[in-house]
Amino acid sequence: MKSANDLRKTLQDLDGKSYGALKSIRGSYAFDRFTLVVDHVQGDPFAAPSRLRARVPWKASGFGETHSASRWRRIALCDYLTRQAHRVAGRTQKNRGSGASGSLTVARPGQEILERTSVVITEDAIELRFEAGLPAFGRRIAGQQGAALLTEDVPAMVNESLFADALDADALERHLATAEDAAHGRQQVRDKDLVAFIADDSILPRRSGVDERPLSRDEAIPFDSPDSLRTHLDLPNAGRVEGMGVPRGISLIVGGGYHGKSTLLTAIERGVHAHIPGDGREQVFTDNDAVKIRAEDGRSVKRVDISRFIANLPLDRDTTAFSTPNASGSTSQAAAIVEAVEAGAHALLIDEDTSATNLMVRDAKMQALVAPEDEPITPFLDRVQQLWQEHGLSTVLVMGGSGDYFAVADTV
């Protein structure tokens, strides 16, 4: 295997040559504490960046059994290291020429702790996968700058991201414990015959529709469970946690506008994932098999039996194997419900704001105007109890405009 010095010398020797000559650096290079693997070299400085990997031997990383004692702790460790590498890469990179020259890019994580491909743990190593913009001026290789990027900036990123002694041990443990608690919480939700659990004092509102970070505690109202639905979970790290249990069956979330109905449902929707410490929703846990349903005008539908909701279409169009490249709101939502049932969902999460009104309900005046035999749509209102009683499929609905669902609800 070639060394880091070999890589530096090769890049320096390539200075000023045509950019295509950089393909000669593909391969593996031994650095002091890790191995750098150049998998793909971009075609020119304006193309998608080059793809690289840094492999650190597990024994040399400083991580131990406490960091990998369970599947969820390993997932959380990889997630945490991705976040650290992303921060360091953003601070380390420098503009070194044309296009994206000098860039270092690691996948940017959101608020959820997820299984990632940016950092993976193999049998004997931790591997960071990232992209780098190999430097050039015009379409000529900037060899000195490339050497600095790969033999100085990359080692700095790896040394600050993939070794235990460079990390905040307490922050890392909180991250792992939060993910572990979430896994246990979701299992207890199912064991207690619930759809979801929302802990007291959770911060559910987000900063905006495009910013998933929590609203500050000065602005947000912490969640507080009604006594009628109060329950508790016992978590391995946080201990006993009290909050609201959403029971299986048909549940309505109702209230005035701008009072948090959709915010609560969104938190329940995201509760199938663990959340990072400080997110505010770390102790919102939802059955893994809950599915958010919405109307998706324009989506493609392929051979889905939507006849329980839509039948008797004009021109005798078959809805037992319905296909369209451009579904309407009602047909797209009907298809989504059927697909969720076929995929084994345990619960449907539905917000009237993102639903097709004509699929959700038909009031008495509309039923008087259009005779049942002339109306192709059977509203969800008429099917929701059947889904629960025959298929064990719970539904959680946000409702602010129709009181008809009170008649079929188990919990409001």
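**Ground rules.** I number residues from 1 along each chain as its sequence is written, and side-chain values use heavy atoms, with hydrogens and water left out. Because the model is predicted, local features need pLDDT of at least 70 and side-chain atom pairs count only at pLDDT 80 or more, while totals for chains, interfaces and linings use all residues.

I looked up the strand order and found 4 strands in an open sheet, 16-23-22-19, with parallel pairing. Helices (H or I, at least four residues) and strands (E, at least two) are DSSP runs, numbered from the N terminus; two strands pair if DSSP finds at least two bridges between them. Strand 16 (250–254) and strand 19 (290–293) are at the edges with a single partner strand each, so one side of each has no neighbour in the sheet. From one strand to the next, the twist averages 20°.

**One pair.** I then checked strand 19 and strand 22 (residues 347–351), which are joined by 4 bridges. Lys292 has Leu349 in strand 22 as its bridge partner.

**A helix on the sheet.** Helix 7 (residues 329–342) lies across strand 19 and strand 22, at about 170° to strand 19. Angles run from 0 to 180 degrees between N-to-C directions, and axes are lines fitted to C-alpha atoms, for helices over the stretch in contact. Contact means heavy atoms within 4.5 Å.

**Two helices.** Last, I looked at helix 3 (residues 71–92) and helix 4 (residues 143–161), which pack at about 145° with axes 9 Å apart. Among the residues that meet are Leu81 and Val88 in helix 3, and Met157 and Glu160 in helix 4.
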